[in-house]
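Please look over the sequence and the structure shown here before reading the report. The sections that follow take up one topic at a time.

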Amino acid sequence: GEGIRVTGCSESEGDLWYQFWHKQWRNETGLMSARYFQNESECLWEIDAMCDVLGGQRVAMPPTCKKEKVCGHDRLYTSWSLAPEDACSSFYNAGCEYNNRVMCCDVWEAITREGCTGINETAFNETLAAAIADGTCAVNATKCYGLCPRGSYYATGASCQKCTDCYAEGKFFKTLCTTTVDAVCQPFGDVVSAAQPGQTLVVPQGSYFGPGTCGALVGEGKQIRVEAEANAQFVLIDCGSDGNRHFTVETGARLTVVGIQLLNGGNSMLASGGCLHVSNGSSVTLENTTLSNCAAVSGGAVHVDKAFVSIGSGSEVGAAASER
C-alpha cells in the first residue's frame, strides 16, 4: 500500500494489517492502493486488528472470513479467499468494478458490527467520521457500492439477502429496501387510514390481499382520493370475506375511488355495508369502480346513512348476499 510506515519487521500479512489499523487510528497512515485476496487466516488477523482498534473483540468466525465476497480495490477491506471474478461479480458487488467507487459506509458499518463484539461506540463513530472525511467510504449512493445489487438485495453484514417485494405479498411499500435494510410493507387498509387530508393515493397494478387489506377508516372531514395508476390493467382489493369491509367513511369525509375492483368485502355476520359504509354527512364517489361479492345483513355492498354515494360512469355494484 501507499503511505504506511511500519516500524519493525512484519513476519506475516496479518501482522502488517495489525500495524496498519493501529497507525490509522493514530492518523499516521495514508490511503491504500488496490489489494489482493486473502486467505481465511489472513482475514482473521485483519478483523482482529480492526476490532482491537475499535475497543472490541473479534467473533469466532466473522462472516467476512467465510465465503462471502467484497471487491479487492476498496480501502476498508481486502477480499477473502475467492477468485476475483466471484468477489467482484455484479451479483455481490454491483458497481464494484468501477475503480472510482468505494464501499458504502452503511455496509462497512454492518460488516464491522457483525465481525466484532463489545465495540467502543465513541471509537467507532470517530473512525467512521474519519473514513467519510477522507473518502475511505462514501455515504453518497452514486459514489459507492453497496455489496449487493441495488433495489433487489440488501446486505446483512457480508451476506446478500433478497429484498421483500411488498406488491407480491399484496401490500404497499412503507419504506423501500436500502443497501442494508429490507423493505417494510404496509397493508392497503392501513395506508388509506393514515392518508393525509387532500391526499391522492395512486395504487400500482396488482392484487392486494391479506390481513389489514380492508377495514380502512376515512373520517374527521378528510378528503381522500384512491385511484389506480395510469394504464393499470387491474387493481384488485380483496378482503377475503374475513368480515371486514373495504371502507368506512364517516363524519363529513369525502372519498373518491377510481379504477379499482373491490372484492369479497364483509360476510353474512357483518351488520351493514359489506364494501362501503357511508354515514354522518359523508360522501363517496365511484368512478370506473366495481364492487362484487360483498355481503352484510344490511346493505350487502353499500350502506348509506344520512350520506351520499355517487356511482359514476364505468362503475358497477354486483350481486350481494343481502341488501337493503
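Which residues in α5 are buried? They are A123, F124, T127, L128 and A131, where buried means under 20% relative accessible area, exposed means over 50%, and partly exposed lies in between, as found with a 1.4 Å probe on protein chains only. Seen down the axis of α5, these buried residues fall within an arc of 130 degrees, so they line one face of the helix; the arc is that of the directions from the helix axis to the C-beta atoms. An α-helix has 3.6 residues a turn, so residues three or four places apart point the same way. The face of α5 turned away from the buried side carries the exposed residues T122 and A133.

This is a predicted model, in which local features need pLDDT of at least 70 and side-chain atom pairs count only at pLDDT 80 or more, while totals for chains, interfaces and linings use all residues. Residues are numbered from 1 along each chain as its sequence is written, and side-chain values use heavy atoms, with hydrogens and water left out. Helices (H or I, at least four residues) and strands (E, at least two) are DSSP runs, numbered from the N terminus.

## The length and ends of α5

Helix α5 covers residues 121-133, and its 13 residues, at 1.5 Å a residue, should span 18 Å, which agrees with the 18 Å between its end C-alpha atoms; the expected span is 1.5 Å times one less than the number of residues.

At the N-terminal end, α5 is capped by N120, which has a side-chain oxygen 3.0 Å from the backbone nitrogen of T122. N120 has its place in the loop between β3 (116-117) and α5, and with a relative accessible area of 38% N120 is partly exposed. Although N120 and V53 are 67 residues apart in sequence, their C-alpha atoms are 9.2 Å apart in space. After α5 comes G135, whose phi is positive, near 80 degrees.

## Salt bridges

A search of the whole structure finds 4 salt bridges, each being a side-chain nitrogen of Lys or Arg within 4 Å of a carboxyl oxygen of Asp or Glu. Side chains of opposite charge can pair when their charged atoms come close. One of the bridges joins the side chains of D48 and R58 at 3.0 Å, N to O, and this pair links distant parts of the chain, with D48 in helix α2 (residues 40-53) and R58 in strand β1 (residues 57-58), 10 residues apart. Both partners are partly exposed, D48 at 32% relative accessible area and R58 at 26%.

Another bridge brings R113 and E109 together at 3.0 Å, N to O; being 4 residues apart in helix α4 (residues 105-115), the two are separated by about one helical turn. R113 is partly exposed at 34%, as is E109 at 26%. Salt bridges that share partners join E109, R113 and E121 into one network. R225, partly exposed at 29%, forms a salt bridge with E227, their closest N and O atoms being 2.6 Å apart.

## A parallel sheet

An open sheet of 4 strands has the order β11-β14-β17-β20, with parallel pairing, where two strands pair if DSSP finds at least two bridges between them. Its edge strands are β11 (216-218) and β20 (302-305), each pairing on one side only. Strand β14 (residues 247-249) runs parallel to strand β17 (residues 276-279), and 3 bridges join them. Within this pair, F247 stands opposite L276 in β17.

Conventions
A polar contact is a pair of N or O atoms within 3.5 Å; within protein, one must be able to donate a hydrogen and the other to accept it, and residues adjacent in sequence count only if both atoms are side-chain atoms.
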